[in-house]
Amino acid sequence: MRSESISISLANDHLKQVLVVLWLTALLGCSQKNESQEDENAPGYPLVGVILSVDEETKTLEVAHEDIPDFMPAMTMRFEVDPGDFKNARAGQKIRARLLRTEEGGFRLARIWPLDEEAAKDLAKFNEQLQEQTEALSMGYYYGEGDDAPDFALLDQFGETVTSERLKGKPFYLNFIFTRCTDAHMCPLSTSKMATLQTMVADAGLDVSFVSITMDPEFDTPGVLRQFAEAYGIDGENFHLVTGPKSAVRNLIKSYGVTAIENVDSVMHSLATVLIAEDGSIVKRSEKSAWSPDEFFEALKTVKSGE
Ligand SMILES: [Cu+2]
């Protein structure tokens, strides 16, 4: 494990301040129980409903929604949605979303999440482990080369559950991104390099997976990630762009020693790109935004490639 070089001044008063901050952080951490991913500050009204039909012609969804307090009684309506959400939608699926008015006076759904109790239980079980593993990390430590990668369970761009357990047995590349990132040298560049790496690996006939974890899980729903992946020509067969409960994402960010400070509509952040071997151990790690697909492709030759 690696230690971040945190320089704490040992002047007594300063140390006390640091301890108070840590104590407050712990308190805030405790108050985040029953976290539902719901972003109360997101625009629109919270909606829970069931997709009744998916209309290919108008690219709209017919949804029977529950009562929306102070806005609208339970009823069946037709909604416009973004292309990624439309592709993920299927009749019979329960969802939660934000209801918005369109400029033309119609209705639109954004921030769509599948509501599946069984899947939610699976996520919770895995992420409890992740929480314990993260808490067990000493202050300022994170996982580096030679360590076992932390376990996780999140949802990919198709709304399917992806677990680290399921990924084991072949190597996978993992990095952190978010779709609203506007710094061309950070997430957009990292994503196009991961797409290049995916092509290199496919051309070499190697069986490897890819995982990009969002640092902005409230905005980056499965549908948003699907649209993003398609814009980069990513093949969804072995490339999972994952999102899910904020606590799980925060624990992964911390475990991998990534800095991610959430602002309105953006995240100030560092990067981490890693290669994880088929036994789940981290074999290569880079913090640089200038990592190259070549060096990570070369690193694959040092691990069993699952050919
Ligand atoms: Cu970024």
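**A cavity between two domains**

Analyst: Gladly. Domain 1 (45–115) and domain 2 (129–300) both contribute residues to the lining of the largest cavity, so this cavity lies between them. The domain bounds come from an automatic or database domain assignment. Please keep in mind that this is a predicted model: local features need pLDDT of at least 70, side-chain atom pairs count only at pLDDT 80 or more, and totals for chains, interfaces and linings use all residues. Residues are numbered from 1 along each chain as its sequence is written, and side-chain values use heavy atoms, with hydrogens and water left out.

User: How many cavities does a search of the whole structure find?

Analyst: Rolling a probe the size of a water molecule over the atoms shows where empty space is left. A cavity is a set of points, on a 1 Å grid over the protein atoms alone, where a 1.4 Å probe fits but cannot get out; lining residues have an atom within 4 Å of a point. Here, the search of the whole structure gives three cavities of 30 Å³ or more. The largest cavity has a volume of about 120 Å³, a volume being the space filled by probe spheres set on the points, with grid points joined across faces, edges and corners.

User: Which residues are closest to the centre of the largest cavity?

Analyst: D85, N88, Q93, I112 and P114 are the closest, out of 14 lining residues. The elements giving two or more residues to this lining are α2 (83–88), β6 (107–114) and α6. Helices (H or I, at least four residues) and strands (E, at least two) are DSSP runs, numbered from the N terminus.

User: What does α6 hold, for example R226?

Analyst: Helix α6 spans residues 222–231, and R226 is found in it.

User: Is R226 buried or exposed?

Analyst: Buried means under 20% relative accessible area, exposed over 50%, partly exposed in between (1.4 Å probe, protein chains only). With a relative accessible area of 16%, R226 is buried.

User: Which side chain does R226 join by a polar contact?

Analyst: A polar contact is a pair of N or O atoms within 3.5 Å; within protein, one must be able to donate a hydrogen and the other to accept it, and residues adjacent in sequence count only if both atoms are side-chain atoms. The side chains of R226 and N88 are joined by one of 2.6 Å.

User: And where is D207?

Analyst: D207 sits in the loop between α5 (187–203) and β11 (209–214). Its relative accessibility is 35%, so D207 counts as partly exposed. The D207 side chain makes a polar contact of 3.0 Å with the side chain of K170.

Definitions and conventions:
1 Å grid on protein atoms, 1.4 Å probe; cavity = no way out; pocket = protein on both sides within 12 Å on 5 of 7 lines; lining within 4 Å.
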